[in-house]
Amino acid sequence: MATFEQVRQIVGDVLQLGDRTATLEPDTALLGNIPEFDSMAVVSVITALEDQLGIIVEDDDITGETFETLGNLTAFVQSKL
């Protein structure tokens, strides 16, 4: 099962956040808060989550709420496992 740490690391790696990755918490806002997290980054994060965690994300699964916070994204990933 994916942990918060795994999802945080994937997001940090994709966005190339470096040391800032460790500052991401479950309530950290993603879209609109992290400048690197734009629509293209959403696609890259989804691809990385699929590749590294073996999940499949359908187009209908992608909502603004899913990417509202890192905790929401983690809960979404856990629901796909």
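The model is a predicted one, in which local features need pLDDT of at least 70 and side-chain atom pairs count only at pLDDT 80 or more, while totals for chains, interfaces and linings use all residues. Residues are numbered from 1 along each chain as its sequence is written, and side-chain values use heavy atoms, with hydrogens and water left out.

The rings of Phe, Tyr and Trp (its six-membered ring) are taken to pair if their centres lie within 6.5 Å, with planes under 30 degrees apart called stacked, over 60 edge-to-face and the rest tilted. By this rule the count comes to 1 aromatic pair. It is formed by F37 and F67, which are tilted, at 6.0 Å centre to centre and with 55° between the planes. Because F37 lies in the loop between α1 and α2 and F67 in the loop between α2 and α3, the pair ties together parts that are 30 residues apart in sequence.

## The nonpolar core

A nonpolar core is a set of buried Ala, Val, Leu, Ile, Met, Phe, Trp, Tyr and Cys residues joined through side-chain atoms within 4.5 Å. The largest one here has 24 residues, and those with the most contacts inside it are V11, F37, L49, L70 and L73. Two or more residues of this core are given by each of α1 (4-15), α2 (39-53) and α3 (70-80), where helices (H or I, at least four residues) and strands (E, at least two) are DSSP runs numbered from the N terminus. The largest share, 7 residues, comes from α2.

L73 is in contact (heavy atoms within 4.5 Å) with V7, V11, L30, V45, L49, T66 and F67, once its neighbours within four places in sequence are left aside.

## Helix α2

With 15 residues, α2 reaches 21 Å from its first C-alpha to its last, close to the 21 Å expected at 1.5 Å a residue, the expected span being 1.5 Å times one less than the number of residues. Its buried residues are A41, V42, V45, I46, A48, L49 and L53. Seen down the helix axis, these buried residues fall within an arc of 165°, so they line one face of α2, the arc being that of the directions from the axis to the C-beta atoms. They pack against α1 and α3, whereas M40 and D51, on the other side of α2, are exposed.

At the start of α2, a side-chain oxygen of D38 reaches to within 3.2 Å of the backbone nitrogen of M40. L53, at 16% relative accessibility, counts as buried, and the C-alpha atoms of L53 and L81 are 8.2 Å apart in space, although the two residues are 28 apart in sequence. After α2 comes G54, whose phi is positive, near 70°.

## Helix α1 and the residue after it

The helix α1 has 12 residues and reaches 16 Å from its first C-alpha to its last, close to the 16 Å expected at 1.5 Å a residue. The buried residues of α1 are F4, V7, R8, I10, V11, G12 and L15, and they pack against α2 and α3.

Just after α1, Q16 takes a positive phi of about 55°, in a residue other than glycine. Q16 lies in the loop between α1 and α2 and, at 69% relative accessibility, counts as exposed.

Notes. Buried means under 20% relative accessible area, exposed over 50%, partly exposed in between (1.4 Å probe, protein chains only). A polar contact is a pair of N or O atoms within 3.5 Å; within protein, one must be able to donate a hydrogen and the other to accept it, and residues adjacent in sequence count only if both atoms are side-chain atoms.
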